[in-house]
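Good morning, and thank you for joining this group meeting. Please look at the structure on the screen while I speak.

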Amino acid sequence: MKAQTFARIQDAIANALGISPFRVGMNSNFKTDLGADSLAMVAVAHALEEEFDVPLADGAPAIKTVAEAALHIERALKLQAEKEAAKP
């Protein structure tokens, strides 16, 4: 993953949770490390959707770590790019 992409993910998560971006590591668990409950996870999903303009709502409940969120975003961005490339 590009450092710039991770920085965007880190900032979006930190802003959604009201914490320092330095607390958000790739291996951070949303619940145990960042203190996010289910309502906070909705805010995180929304923040990431807005930051990257990709849907996360369907996969949000299954996302437990920042790495999983990053992977979900990368897949969504790849899919989005493939759809754009396939347009006539």
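In this predicted model, the count of salt bridges comes to one. The two partners are Glu51 and Arg8, whose side chains meet with a nitrogen-to-oxygen distance of 2.7 Å. A salt bridge requires that distance to be within 4 Å, so the pair qualifies.

Where do Glu51 and Arg8 lie? Glu51 belongs to helix α2 and Arg8 to helix α1, so the bridge ties together parts that are 43 residues apart in sequence.

Are these two residues buried, exposed or partly exposed? Glu51 has a relative accessibility of 35%, and therefore counts as partly exposed. Arg8, with a relative accessible area of 33%, is partly exposed as well.

Let us now turn to the two helices themselves. Two packed helices are described by the angle between their axes and the distance between the axes. Here, helix α1 covers residues 3-17 and helix α2 covers residues 38-52. Their axes come within 9 Å and cross at roughly 140°. That angle makes α1 oblique to α2, because only angles over 145 degrees count as roughly antiparallel. The crossing of α1 and α2 is right-handed.

Finally, which residues in α1 and α2 meet? On the α1 side they are Thr5, Arg8, Ile9, Ala12, Ile13, Ala16 and Leu17. On the α2 side they are Ala40, Ala43, Val44, Ala47, Leu48, Glu51 and Phe52. In this contact of α1 with α2, eleven residues are nonpolar, one is polar and two are charged.

Terms used:
Residues numbered from 1 in each chain as written. Predicted model: local features only at pLDDT ≥ 70, side-chain atom pairs only at ≥ 80, totals over all residues. Heavy atoms only, no water. Axes fitted to C-alpha atoms, helices over the stretch in contact; angles between N-to-C directions. Helix = DSSP H or I, 4+ residues; strand = E, 2+ residues; numbered from the N terminus. Parallel < 35°, antiparallel > 145°, perpendicular 65-115°, else oblique. Left-handed = near helix turned anticlockwise from the far one by under 90°. Contact = heavy atoms within 4.5 Å. Nonpolar A, V, L, I, M, F, W, Y, C, P; charged D, E, K, R; others polar. Buried < 20%, exposed > 50% of the residue type's maximum accessible area, 1.4 Å probe, protein only.
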